[in-house]
Amino acid sequence: MAAAVGGRGFLVQPCSLSFVSNKNVPKHSFGAANTCWHVKPAKPQGFARHVAHAQLRPTWLPGLDPPPYLDGSLAGDFGFDPLGLGEDPESLRWYVQAELVHARFAMLGVAGILLTDLLRVTGLLSIPVWYKAGAVKFGFANTETLFLVQLILMGFVETKRYMDFKSPGSQAQDGSFFGLEAALEGLEPGYPGGPLLNPLGLAKDIKNAHEWKLKEIKNGRLAMVAMLGIFVQASITHVGPIDNLMEHLSNPWHRTIVQTLANSAS
């Protein structure tokens, strides 16, 4: 018979023994009614190893064994990959960078939408709701010109980012970024630094900045979920998020997501 206590196993073997006084009972044994139990440490079993591992490694589902390629070394790695997209090491590197970029865009997007919507609702600025802002005509340039300029600028930056991903450090060489290499001071792929992109110097030692990376990716994932919620709200209610919030606060028990979805379906 085996027992696991605190992650360590013991083997308990029965044997025959007449009832004797305590001083005659063999060491590491306990006697009772013609039976004794010799107890000795056993080799750790797989269950004990998994229990100890689960206690040290938090996962997205408690008690779940994470895939072997998600060993916890990545920032925000909680073993979540139900589709097995990261089995290939090169694909995993790319997905890490893709998530990081989407997270940063989502954080900027959520902050921009909430701020402009607040200014619009309070009457401080006369601007359209966020999902109609793209249709606004500007006097200094037409829509086609703005689109072309944005395409060139974003295309250039994204191309440089991809080149640095394929060959880490290549875009930090002299003359590779219009002489701005020292100002950017690339730390590692996905984490440019310098006074332009890290003015506070919060993570100069990027190799030991795991806590900062974890905070960023957690906030980024929350922002991506928030962005999805803002999209759905706009599609169903046709107003901004601040309007939705004010309507809910005006009648919290009857202005909820349940009533909103029910009314939209009817």
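Guide: Start with Glu158 and Arg161. Their side chains form a salt bridge, 2.8 Å from N to O. This is a predicted model. Both residues sit in helix α3, which covers residues 143–166. They are three residues apart, or about one turn of the helix. Glu158 is partly exposed, with a relative accessible area of 29%. Arg161 is partly exposed too, at 27%.

Now go to helix α2, residues 89–121. Here Arg120 and Asp117 lie three residues apart, so about one helical turn separates them. Their side chains meet in a salt bridge of 2.8 Å, N to O. How exposed is each partner? Arg120 is partly exposed, with a relative accessible area of 22%. Asp117 has a relative accessible area of 2%. Buried means under 20%, and Asp117 is buried.

Next comes the pair Arg255 and Glu247. Their side chains also meet in a salt bridge, at 3.5 Å from N to O. Arg255 is partly exposed, with a relative accessible area of 41%. Glu247 counts as partly exposed as well, at 37% relative accessibility.

Some salt bridges share partners. Asp117, Arg120 and Asp243 are joined in this way into one network.

The cut-off used here is 4 Å, from a side-chain nitrogen of Lys or Arg to a carboxyl oxygen of Asp or Glu. By this rule, the model has 10 salt bridges.

How values were computed
Residues numbered from 1 in each chain as written. Predicted model: local features only at pLDDT ≥ 70, side-chain atom pairs only at ≥ 80, totals over all residues. Heavy atoms only, no water. Helix = DSSP H or I, 4+ residues; strand = E, 2+ residues; numbered from the N terminus. Buried < 20%, exposed > 50% of the residue type's maximum accessible area, 1.4 Å probe, protein only.
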